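Reader: I've got a model open and I'd like to learn how to read a few of its features. Can you walk me through it?

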Amino acid sequence: MADHTLIVAGPARSGKTGKLLARYRTALAEGAAGVSAVDSATLTAGGSASGPVGVGETLWIAPTARAAGAVRERLLSAGLGACFGPNVFTFEAFAQAVLDHAPEVVRPLYGMARRQLIARLADDLLNADKLRYFRRIADTPGFVDLLSNFLSEMKRHEIWPVDFRAACERRGLTAKDEELFAFYDAYQGALTRRQLFDAEGRFWTARTLLDEGHRRPFERLRLVVVDGFADFTATQHDILAILARHADAFVVSLPLERDRVRDVEQRGDLFAKPRATLEELSRRLPGARVEWVERVERAAADGERIRLLSLDTWPAMARLERYLLGDPREVLPPAESGDGVEKSAFGVEIIAASQQLGEIQSIAARIKQLLLDGDSAERAERQRTPVRPQDIVVVFRSTDAVATLVREVFAEYGLPFAIDCRPMLGESPRIKALLAALTMDGEDWPFRRVLAVLGNNYVAPPAFGADSDADSDAD
């Protein structure tokens, strides 16, 4: 394992992904060349090829679907003009691919189906007089939510029912613990009997299949790349260890900086997760080599220019990166403040807003000012020049939740913009009305939800009176 397992560690924008992309392209190109050579030999000899030919022998695991899509877009280059099966997955998609090729059919249990199973099991325990501690809330929709969250928490940490009971017994078993254990045991037993897996159990099942040798469609892996993660769950660590044992080359990247830098030592909280991940990977993958990548001003392996963060080129971002999660006693206070806006000497403004709508409106107003009058923090009034729209970037934690508000507010302010968020099917008013109607039964027909559905323009309840009687007679 020491010869083929590599951990690439480095700060953001140091070229880790570009470095791994170059290696992945090479492996894909070699696989394509191997296919062409085998096909030519087969046609010449008039027989069939035997042995691996290279297709499907690489695997890239990314943290999100967006990150996986970005990797696919950056894969093609002069050396790799086309690739129909790059094998770039999220961890969820990879686990699902393993389950899709399982020797026995296992079915997913998500969303409303999972909620209905939880509600049914809770009713069974209540009817059997096994819910005394939770009796007063056992018939409420909130109890189903409580049980659902409890299950997700247990399974994320891979705590099985027997482990949960043993831990409770060590500190003293209570009536609440007894009833939670009874429900958890009944839930997990139902999944096992019916060959089902939930969102958390998907990784459990995939790990079991891989460990037992059922590795289709990844039986032969020459290169495995895991990029973009800061930490992994215990089950994901197990899966990575299995992949590392069976792959010819295994590479994982982590966002880290060297300990010798004084600033990094002072802000250990920022890198606590990746450092713990590095220690865990080193323990599980004995002999793994760690390669440190430093940020330097150069062209990345895939041709992208890496921009350094320094106090001269980008002072605000350089300061934010340097002091993020550092000791607040050593951070310089804002240079001036007023009108609800705090301004630092490095050009960082903090705008306070009470709601999300107010926040986006404040951002839109500030952008409008930049487009019309320029940045007042940089030049005197007579020297200001309007900021170009292409020089303004607005960053959210996730655009899915704010896309609708951004479109409405920015359009109202007359701002030209492009948002990195594709329209979701669930945003359609018709689909929203349909989902609202379908979920009422699972939530035990809450009064306000029923009124909201009946008052929706897309819902037309059957008419009452003579017309309904006539239709009934006609039937």
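This is a predicted model: local features need pLDDT of at least 70, side-chain atom pairs count only at pLDDT 80 or more; totals for chains, interfaces and linings use all residues.

Reader: How many aromatic pairs does the structure hold?

Author: There are 15. For the geometry, planes over 60 degrees apart count as edge-to-face. Phe150 and Tyr184 have ring centres 5.9 Å apart and planes at 80°, so that pair is edge-to-face. Phe150 sits in helix 5 and Tyr184 in helix 7, 34 residues apart, so to speak a link between distant parts of the chain. Now take Phe229 and Phe232: with centres 4.9 Å apart and planes at 35°, the pair is tilted.

Reader: Are Phe229 and Phe232 buried or exposed?

Author: Both are buried. Phe150 and Tyr184 are buried too.

Reader: And what about Ala230, where is its place?

Author: Ala230 is in the loop between strand 6 and helix 9. Leaving aside neighbours within four places in sequence, Ala230 touches Leu254, Pro255, Lys273, Pro274 and Thr277. The C-alpha atoms of Ala230 and Thr277 are 7.2 Å apart, though 47 residues separate them along the chain.

Reader: At what angle do the axes of helix 4 and helix 7 cross?

Author: Roughly 130°, with the axes coming within 10 Å. The residues making the contact include Leu117 and Leu121 of helix 4 and Phe183 and Ala186 of helix 7. By class, that contact has 11 nonpolar, no polar and one charged residues.

Definitions and conventions. Residues are numbered from 1 along each chain as its sequence is written. Side-chain values use heavy atoms; hydrogens and water are left out. Helices (H or I, at least four residues) and strands (E, at least two) are DSSP runs, numbered from the N terminus. Contact means heavy atoms within 4.5 Å. Axes are lines fitted to C-alpha atoms, for helices over the stretch in contact, and angles run from 0 to 180 degrees between N-to-C directions. Ala, Val, Leu, Ile, Met, Phe, Trp, Tyr, Cys and Pro count as nonpolar, Asp, Glu, Lys and Arg as charged, and the others, Gly among them, as polar. Rings of Phe, Tyr and Trp (its six-membered ring) pair if their centres lie within 6.5 Å; planes under 30 degrees apart count as stacked, over 60 as edge-to-face and the rest as tilted. Buried means under 20% relative accessible area, exposed over 50%, partly exposed in between (1.4 Å probe, protein chains only).
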